[in-house]
Amino acid sequence: MELLVPEIGLVVFQTIAFLLLMFILAKFAWKPVLAAIKEREQTIDEALNKAELAKQEMVRLAAQNEESMKEARAERDLILKEAKNLKDTIVNEARVQAQTEGAKLIEKAKIEIENQKKAALAELKNQVSSLSLDIAERVLRSQLADQAKQQDLVAALLKDVELN
Amino acid sequence: MDCSHVFDFKVNRLTVVFALFLAFFFVTPVLYAQEDTSNVTATAHAEPEAEKKFNLGKFALHHIADSHSWHVIGDTYIGLPVMLYTNTGLVVFNSNDFHHDDEAKLVVEKGGQRFVKLHEKIYYASEAANEHGQYVEVDENHHSLNKRPLDFSITKNVCTLFISVLVILAVFLKVANGYKVRKGLSPKGLQSWMEPIILFVRDDIAKPNLGHKYERFMPYLLTVFFFIWFNNMLGLIPFLPGGANLTGNIAVTVVLASITLILILVNGNKYYWKHIFAPDVPWWLYIVLVPVEIIGIFTKPIALAIRLFANITAGHILVLALIGLIFVFNSVYVSFVSVPFALFIGAIELLVAFIQAFIFTILSALFIGMAIEEHH
């Protein structure tokens, strides 16, 4: 039982020493330590939050990049397509123009040829007629030198006239 | 086969440790034996056989009790100051003046008063010695009937108390300084060793039991936790500066529990007092319930005090009893069993040192938390 009876001296010293220890530690140890730990925890939380935000921003930016890349690609495709169309129309137009131009030229040439042909034919006719007149004159001359023959000829001509 | 090397190494180390322990206990009994024989030759006829027998209970109780002098080794004692508040004022002298007499056979005269020491307690000496040569009146249980002066001596426990306070101050002021020097940086050294324990007290003891008002009680909870833990550990050291059974002393635990009680009573809100004096039961039950609740106020801190005292004292008694077995059987060979057992108990005591500090702190937090809890 003696163990269960507190000694007054130890009670007094324990009370004084413990309270003194508690007040000194509270002022010079626990207060700064707990404050520092709390501050550090807040800093860590903040940093983590910031990292999370930065991550989200990164994701957003990447998505944005992707979007603009897509847009740019679509735009490029569109431009290329337009250019191709343009080229096609130009080529087509050129072809059509060339064709019409050629056709015109050919037409012109044909007309020219026709004209030339006509002129040539006309000249030929003239030549042939003058030549035939000349021949006819000469034949007539030779024929009409003789009376009999003149008679025959007239008869023959008359015969032809009848036939016509 | 790397593992076998490690295993071998550990086995070797264990062997060395055991060998040292055994060597120690081989040597000590030999010394005792020599002492015994010299005593026997000197006083063989005077003392009856029964008196010389090793009394295990006495041995254990002597070692867990407080002492006015600090036994270092062999016949070396550190004399601690004895400070007595007597009928005629304060009397101070060195405890070595008693010349290690603990049977009230030597009277010390100081300040016009006569004192004797019996079982580490100081009494006013009787005028004449009784039949055993003791200057005290004793009853049939060998308890003194003499009056005692108020004893404010720096005993072994008080000394340990001061040492532990200085150690705790040194450790935590250094830790606090670490936070100042390495502001905003990660902890280092002693700081990183203590920070998890401080966080453990804050996050696992204070916050769950005290809620958002925990910060007010942190200084007390942290101080009481580290005070108990450090002193439990100091008590496990079998030589200077440890060896005292401070947290296993009822005076110390009663003071700590009283502070918890005062915190409960001072911080208890109206719901706490209503719960005690006007609980939500039919009025005729008050006759039973109110006294029970009032007793409950005091049983909580008493349980705290007794639990800590009993656990630490029990641990010390266990180790002392196991070592004492060697002397009970008066055989070195008992040490082959009792030393490993004592070592095993010592390892468990290391755990108990922490657990008891934890339990005292968490129950204090729980009781305070119950008193400040808001009901909606």
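**Two chains, one predicted model**

In chain A, buried residues make up 8% of the 164 residues. Keep in mind throughout that this is a predicted model.

Let me stay with chain A for a moment. Its secondary structure comes to 2 helices and 0 strands. The radius of gyration is 65 Å, while the globule rule gives 15 Å for 164 residues, so chain A is more spread out than a compact globule. The box tells you about the outline. Along the principal axes, the C-alpha atoms of chain A fill roughly 200 × 30 × 15 Å.

Now chain B, starting with helix packing. Two packed helices are described by the angle between their axes and the distance between the axes. I have two pairs to show.

Pair one is α7, residues 250-267, with α9, residues 286-328, both in chain B. They pack at about 150 degrees, and the axes are 8 Å apart. Angles over 145 degrees count as roughly antiparallel, and α7(B) and α9(B) are therefore roughly antiparallel to each other. The crossing of α7(B) past α9(B) is right-handed. Which residues make the contact? From α7(B), we have B:Ile250, B:Thr253, B:Val254, B:Ala257, B:Ser258, B:Thr260 and B:Leu261. From α9(B), we have B:Pro301, B:Ile302, B:Leu304, B:Ala305, B:Leu308 and B:Phe309. By class, that contact has 10 nonpolar residues, 3 polar and no charged ones.

Pair two is α6, residues 218-236, with α10, residues 335-372, again in chain B. Here the axes come within 9 Å and cross at roughly 160 degrees. That makes α6(B) roughly antiparallel to α10(B). This crossing of α6(B) and α10(B) is right-handed. On the α6(B) side, the contact residues include B:Phe225, B:Ile228 and B:Trp229. On the α10(B) side, they include B:Glu349, B:Phe354 and B:Phe360. The class count for α6(B) with α10(B) is 13 nonpolar, 5 polar and 1 charged.

Back to α9 of chain B, for one residue in it: B:Leu322. Is B:Leu322 buried or exposed? It has 21 C-beta neighbours inside 10 Å, so B:Leu322 counts as buried. What does B:Leu322 touch, leaving aside its neighbours within four places in sequence? The contacts are B:Ser338, B:Phe341, B:Ala342 and B:Ile345. B:Leu322 and B:Ile205 are 117 residues apart along the chain, and their C-alpha atoms are separated by 35 Å.

Last topic: backbone angles. Most residues other than glycine have a negative phi. Two residues of chain B to look up here. B:His100 is not a glycine, yet has a positive phi of about 60 degrees. Where is B:His100? In the loop between β4 (89-94) and β5 (108-110) of chain B. B:His100 counts as partly exposed, with 14 C-beta neighbours inside 10 Å.

Find B:Glu120 in the loop between β6 (113-118) and β7 (121-124) of chain B. B:Glu120 has 19 other C-beta atoms within 10 Å.

Conventions: Residues are numbered from 1 along each chain as its sequence is written. Chains are lettered from A and ligands numbered from 1 in the order in which they are written. This is a predicted model: local features need pLDDT of at least 70, side-chain atom pairs count only at pLDDT 80 or more; totals for chains, interfaces and linings use all residues. Helices (H or I, at least four residues) and strands (E, at least two) are DSSP runs, numbered from the N terminus. The radius of gyration is taken over C-alpha atoms; the globule rule is 2.2 Å times the number of residues to the power 0.38. A residue is buried if 20 or more other C-beta atoms lie within 10 Å of its own, exposed if 12 or fewer, and partly exposed in between; C-beta atoms are placed from the backbone. Axes are lines fitted to C-alpha atoms, for helices over the stretch in contact, and angles run from 0 to 180 degrees between N-to-C directions. Angles under 35 degrees count as roughly parallel, over 145 as roughly antiparallel, 65 to 115 as roughly perpendicular and the rest as oblique. A crossing is left-handed if the near helix is turned anticlockwise from the far one by less than a right angle, and right-handed if clockwise. Two residues are in contact if their C-beta atoms, placed from the backbone, lie within 7 Å. Ala, Val, Leu, Ile, Met, Phe, Trp, Tyr, Cys and Pro count as nonpolar, Asp, Glu, Lys and Arg as charged, and the others, Gly among them, as polar.
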